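Could you walk me through this structure, one selection at a time? I have it open in a viewer and would like to know what to click on next.

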Amino acid sequence: MAARLAALPAAASALRGREWWIVPHVNPDGAERNRSWQEAGADRYDPVAFLAGVQREPPGDDLEFGFPQGPDDPDARPEARALLAWWRKAGGPFHLHVSLHGMAFAAGPWFLVEPAWVDRTADLRARCAERVRALGYRLHDVERHGEKGFHRIAPGFCTRPDSESMRRHFLDRGDPETAARFRPSSMETIRSLGGDPLTLVSEMPLFLLPDVGEEIGPPDPAAEAWRRRLEGWRGALLAAPDAERSRVADEVRRDMDAAGLAPMAVRDQMAMQWTFIAAGVEAVESRAAAGLARPTGPA
């Protein structure tokens, strides 16, 4: 990821004069479990291989919400504990934190913004939306009415989730065991180190779904129809005996093509990740120009 971003033409000016703390890969165990469909250097991923081989961590166990609740939290994810110890060495506070994510299926890119910065990110949102359009994509739009911390700001933009809202969601569903597993996110952890950092989360889809978001709901009828279709395809792939696996995979692929499911180019995902980062830098510096010193600390 860092190598792809650094190779982009716009990267040079943003990389100079700033201190960057970059974590190129935070979940090696998850990557190993998903090696079957993650072809190294692929321009696009195969949706059939993805459905047949994807392994996801259950709610509350994913690394993003696995950071220590305090100095005496040895049960937090070891990767998260190591990251927090490393970030403390920065001497902070941080000014910008961008957590680069992917999601499996969506209408297009989806951008999540620090709630405390919503009123300061109009230019950021406009720049990202224009970049999405220029590359020939459309934004993923969803209305979740605050569920898990997602409050819709504008088409394609929501506030980022937070651990308290995550816990409340599962408590409301009568699942206190899952609720108890949620610890602070990387965004909350960065903000706990002081200052008023802009925290951002990108969600770049591996596979694009037509019609999703045309009626944002909830529920979104197109999204619900796709969910059922994807579950059916995955069930067929996993249930196929060895002798039938190739035939079933070919049938699923034909169905996907006919339905309009399309992989998103990795290079376009990276281009939009960089746009999000660069727009975040500009938002922080615009804030500084309005009355604060230019930030020189870590990002």
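This is a predicted model: local features need pLDDT of at least 70, side-chain atom pairs count only at pLDDT 80 or more; totals for chains, interfaces and linings use all residues.

**Stop 1: the nonpolar cores**

Begin by selecting Phe 50, Leu 51, Phe 105, Trp 233 and Leu 261, the residues with the most contacts inside the largest nonpolar core, which has 26 residues. Now colour helix H4 (47-53), strand E5 (198-208) and helices H10 (221-239), H11 (245-259) and H12 (266-289): each of them supplies at least two residues of this core. H10 gives the most, with five residues.

Zoom in on Trp 233. Setting aside residues up to four places away in sequence, Trp 233 touches Leu 51, Trp 226, Val 252, Asp 255, Met 256, Ala 259 and Leu 261. Then look for a second, separate core, made of 23 residues; Leu 96, Leu 200, Met 264 and Ala 283 are among them.

**Stop 2: helix H7**

Next, select residues 163-172, which form helix H7. Which of its residues are buried? They are Ser 163, Ser 165, Met 166, His 169 and Phe 170. Turn the view until you look down the axis of H7: the buried residues fall within an arc of 165°, so they line one face of the helix. As a reminder, an α-helix has 3.6 residues a turn, so residues three or four places apart point the same way. Show helix H8 (176-180) and helix H9 (186-192) too, as both are included in what covers the buried residues of H7.

Both ends of H7 deserve a click. Just after H7 comes Gly 174, which takes a positive phi of about 75°.

**Stop 3: His 140**

Move on to the loop between helix H6 (122-134) and strand E3 (152-154), where you will find His 140. Is His 140 buried or exposed? It is buried, with a relative accessible area of 11%. Its side chain reaches the backbone nitrogen of Ala 107 at 3.2 Å. Beyond its neighbours within four places in sequence, His 140 is in contact with several residues, including Met 103, Pro 109, Trp 110, Gly 156 and Val 212.

**Stop 4**

Finally, select Cys 128 and Cys 158. Cys 128 is buried, with a relative accessible area of 1%, and Cys 158 is buried, also with 1%. A search of the whole structure finds zero disulfides.

How values were computed:
Residues are numbered from 1 along each chain as its sequence is written. Side-chain values use heavy atoms; hydrogens and water are left out. A nonpolar core is a set of buried Ala, Val, Leu, Ile, Met, Phe, Trp, Tyr and Cys residues joined through side-chain atoms within 4.5 Å. Buried means under 20% relative accessible area, exposed over 50%, partly exposed in between (1.4 Å probe, protein chains only). Helices (H or I, at least four residues) and strands (E, at least two) are DSSP runs, numbered from the N terminus. Contact means heavy atoms within 4.5 Å. A disulfide is a pair of cysteine sulfur atoms within 2.5 Å. The arc is that of the directions from the helix axis to the C-beta atoms. A polar contact is a pair of N or O atoms within 3.5 Å; within protein, one must be able to donate a hydrogen and the other to accept it, and residues adjacent in sequence count only if both atoms are side-chain atoms.
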